[in-house]
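Hi everyone, and thanks for making time for this. Let me put the model up on the screen, and then we can walk through it together.

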Amino acid sequence: MNNSDIYEFINRFIIDNTKVGEHERLSLDVINMMSKSICLEKLSLTNHKDKSTLRVGELREYIKRLYYTDSELNSFQSNKRKSCNNSLSENNNSIEQGNCTDQNLSVNLNTNNNSNIYDSNGVSNVEANSLEFNSNVIQVQNQSPKFRERNSPIADGVMENFVSVSDSFFRCIHCNKKKSGKYITNLHKHLGSCYAYKLKLIGQVKPATADEVDLAVCKMIIELGLSQSSVENPSFQNFINTLQALPKESIYNLPSRRKIKDIIIKMNNDLSKQLDQKIEQCNYVSIQYDGWKSLSKSEMVGVNATLISNKPNKRIKIEEVVLSIKSFNGSHSAENISTHIKDVLGHQMKDKLIWVVTDNAYTMTKSGELLTDDFPHLITNFGCKVHKDQLLVCNIMKSDVFTPSLSSYWKSIEHFQKSTSATEKIKDYQRVAGITKPKSMKIANDTRWMSEYDALKRYQLLNEYVKKYFVDRIAELQLMIDFNKEKQIIKYNNSSHLSNQYNTVEEYLNKKNIVLKKQITDLEKLKVSEKDSNLICILLEILGEFRVQTTILQDKETNISDVVPSYLSIKDQLLNVSKKSYSNNSNINSSIKSCLEKVIDELDQRYDCYIKIGGDNIIIHPLFATFLNPNYHTKPILELCKGFVNQSVFLRAYKDICSKIGIEPGSDEEVQGELVALSNVQDDYIKNQNIDKFEWWFNNIREYKYLYEVAVILLAIACTSVNSERLFSTAGRVITKDKCSLTDKYASILIFLRQNLKLDTNKNS
């Protein structure tokens with residue numbers, strides 16, 4: 001073996017055992033430790049150019065100059081592309097032929113590079129620093145890189161923990177996981193995360209105490225930024241219960257991110273199949289859909305559905321599900337939206353879709369109308385009741401009589417939003433008053449229904465403390481102007497504290513007083529006048545019933561039978577407010593009454609079609625549903641409905657619904673008799689029974705055998721797009737700034753699963 005062979009062998013040894021690039025730097029301690037591992041003292045580099053690290057390329061050059069003469073270096077430069085496999089194969093052949101009898105080949109390196117330091121058998125006769133290589137290592141130099149790496153000295157302690165499955169894959173003997181063995185670092189990394197391997201090293205399992213588990217949970221909540229209520233989440237509790245159900249001898253290893261994604265995708269596929277089965281088994285479907293823009297500015301359309309299963313002699317079954325939330329491409333036109341919804345629904349719902357709920361934007365309502373051609377059983381497209389009310393609320397707040405007062409309120413609220421000291425002062429006043437949980441100002445949110453009302457209501461609640469804050473703060477600033485001048489003169493007159501921009505103390509104080517006076521002026525402008533306060537009180541009284549009805553209609557059990565009672569309650573409140581006199585100023589009273597008259601007219605235009613007999617635009621289904629809801633059998637409602645019953649309007653509505661959804665209707669005489677009998681049922685009798693509407697109909701199915709099926713279907717149909725709003729709230733919690741790498745497709749999967757996990761009937765999932 002000549003000097004060139006020695007250099008090339010050491011070169012391969014360094015590269016195979018460091019796994020770094022040409023320009024990566026190695027610590028001298030690592031190099032020295034490596035040189036000692038092969039008994040080579042000539043690589044002691046502690047004082048090499050006074051460096052603490054050395055690049056791999058520099059290390060190669062250093063080794064060259066140790067083992068090559070100048071002529072050999074020149075020869076090496078001209079042939080540096082030549083492979084060293086021939087020389088290594090000769091060494092391997094000599095070992096296989098028995099020319100080297102010793103298993104450990106000892107190569108002596110002489111400090112004189114010109115002398116021949118090897119005998120015919122490759123064993124040195126010169127006393128020098130020795131470098132010992134294992135013959136097995138030499139034999140694998142000509143093998144494939146994968147094989148050579150797995151049989152390098154660094155792999156001795158790793159490969160004993162794996163058994164070969166194929167040429168590139170190995171199975172861990174501790175956790176039975178299959179891992180790629182292309183690089184030894186991959187197997188070494190697995191051992192670092194293999195819990196079973198760690199237990200083997202420890203020798204025994206140390207049971208954790210309850211306090212240690214509590215501490216681990218707290219650390220997880222802190223590091224992940226979760227709320228304390230996470231421990232009350234049913235999913236988290238289910239996870240802990242599942243862990244506790246594991247056999248004592250079993251060991252659980254957390255899955256990798258890739259495996260979690262694979263499991264989630266599989267869950268999505270399984271849940272989609274279960275949802276398809278539920279849709280196949282149900283009788284009717286009503287949907288609600290709306291659009292939403294994510295943080296990544298991607299348009300998404302969410303489709304919720306109510307699955308209605310009405311089997312003979314069984315109670316009706318209603319399930320709320322999410323059919324889809326997918327990215328929407330193209331212009332936001334009614335035709336494109338309608339096409340998107342058709343793709344989501346597919347042919348499976350062609351004979352099942354009976355009702356559509358959207359918001360009241362033109363493109364949405366028009367897209368719902370375009371669905372009627374493809375879904376023959378679709379009764380109607382209905383605009384969200386709460387969204388209609390919000391449009392009325394916006395019109396009221398934009399009226400000329402309330403706009404100036406609202407402007408001063410929003411400015412004052414904005415001041416408390418920006419100033420933490422002002423907010424703390426308000427809380428201090430409340431604590432002094434004995435309030436243990438002080439409140440702060442609320443901020444109006446454009447995406448939250450009635451948030452403006454809530455913000456104004458909170459301001460009125462804190463109005464006493466707000467007034468006190470402005471009085472105290474203005475007085476404090478005035479004191480700074482009046483009484484601090486003398487102190488400032490004493491402080492600065494004989495000192496160098498003044499900035500270069502001020503020539504005298506008086507100039508500095510004048511500038512400061514100008515700033516303080518401006519602050520006082522700004523605070524005076526933020527104070528709400530008595531006139532504005534009175535007008536806001538009137539506005540809150542007008543909007544009070546809107547807030548109550550919005551809260552009621554956001555309940556999950558609301559349906560189209562709630563539309564007419566909600567409208568009548570709001571109208572009664574507006575009429576009562578219009579009869580009052582709120583000010584000595586006749587102009588203000590007339591302005592308020594004029595505003596209320598416009599609101600009532602607009603309200604009637606939106607809802608009169610539900611309660612007026614006759615006309616081409618009559619939409620009788622909401623009032624018919626109210627009549628079929630026994631909980632609304634109050635005297636005003638029954639008086640309103642009796643005219644529709646006596647003139648056979650409800651009978652026509654019944655026959656229209658039966659023809660649309662494919663139900664065999666009863667005879668006119670029998671159905672009209674059931675309608676008359678139902679109009680005599682009082683709500684007092686029903687309330688005494690203490691049962692819900694579906695239970696009442698199931699108990700009275702014999703008396704109303706023709707009305708029963710239509711009644712339970714109408715009472716199961718939603719009148720709002722609240723479910724779509726909840727879907728987008730969930731989407732906002734999934735698609736956050738911290739998850740900017742989420743693709744739209746994978747985000748849709750996560751949202752779909754989060755909303756539909758309650759449907760999962762697979763015990764193993």
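First, some ground rules. This is a predicted model, in which local features need pLDDT of at least 70 and side-chain atom pairs count only at pLDDT 80 or more, while totals for chains, interfaces and linings use all residues. Residues are numbered from 1 along each chain as its sequence is written, and side-chain values use heavy atoms, with hydrogens and water left out.

Now the overview. The protein chain has 33 helices and 12 strands; helices here are DSSP runs of H or I with at least four residues, strands are runs of E with at least two, and both are numbered from the N terminus. Of the 765 residues, 43% are buried. Buried means under 20% relative accessible area, exposed means over 50%, and partly exposed is in between, using a 1.4 Å probe and protein chains only. Next, contacts, meaning heavy atoms within 4.5 Å. Among contacts between residues at least 6 apart in sequence, 68% join residues at least 24 apart.

Let's zoom in on helix α17, residues 403-418. How does α17 pack against helix α18, residues 420-432? Their axes are 5 Å apart, at an angle of about 100°. Axes are lines fitted to C-alpha atoms, for helices over the stretch in contact, and angles run from 0 to 180 degrees between N-to-C directions. The two helices are therefore roughly perpendicular to each other. For that wording, under 35 degrees counts as roughly parallel, over 145 as roughly antiparallel, 65 to 115 as roughly perpendicular, and the rest as oblique. On the α17 side, the contact is made by His415, Phe416 and Lys418, and on the α18 side by Thr420, Ala422, Thr423 and Ile426.

Helix α17 also meets α22, where the axes come within 9 Å and cross at roughly 100°. So α17 and α22 are roughly perpendicular to each other too. Here Ser405, Leu406, Ser408 and Tyr409 of α17 meet Asp532, Ser533, Leu535, Ile536 and Leu539 of α22.

Please keep an eye on Tyr409, which sits in α17. Is Tyr409 buried or exposed? Tyr409 has a relative accessible area of 0%, so it is buried. Leaving out residues up to four places away in sequence, it touches Leu456, Tyr459, Gln460, Val528, Asp532, Ser533 and Ile536. Its C-alpha atom is 8.6 Å from that of Lys527, 118 residues apart along the chain.

On to the cores. A nonpolar core is a set of buried Ala, Val, Leu, Ile, Met, Phe, Trp, Tyr and Cys residues joined through side-chain atoms within 4.5 Å. The largest has 108 residues, and Phe402, Leu543, Phe624, Phe650 and Trp697 have the most contacts inside it. Helix α22, residues 530-553, gives the most to this core, with 9 residues. Apart from it lies another core of 30 residues, including Val303 and Tyr746.

Thr626, in helix α25, is buried, with a relative accessible area of 0%. Lys737, in the loop between α32 and α33, counts as exposed at 71% relative accessibility. Even so far along the sequence from Leu295, 442 residues apart, the C-alpha atom of Lys737 is separated from that of Leu295 by 7.4 Å.
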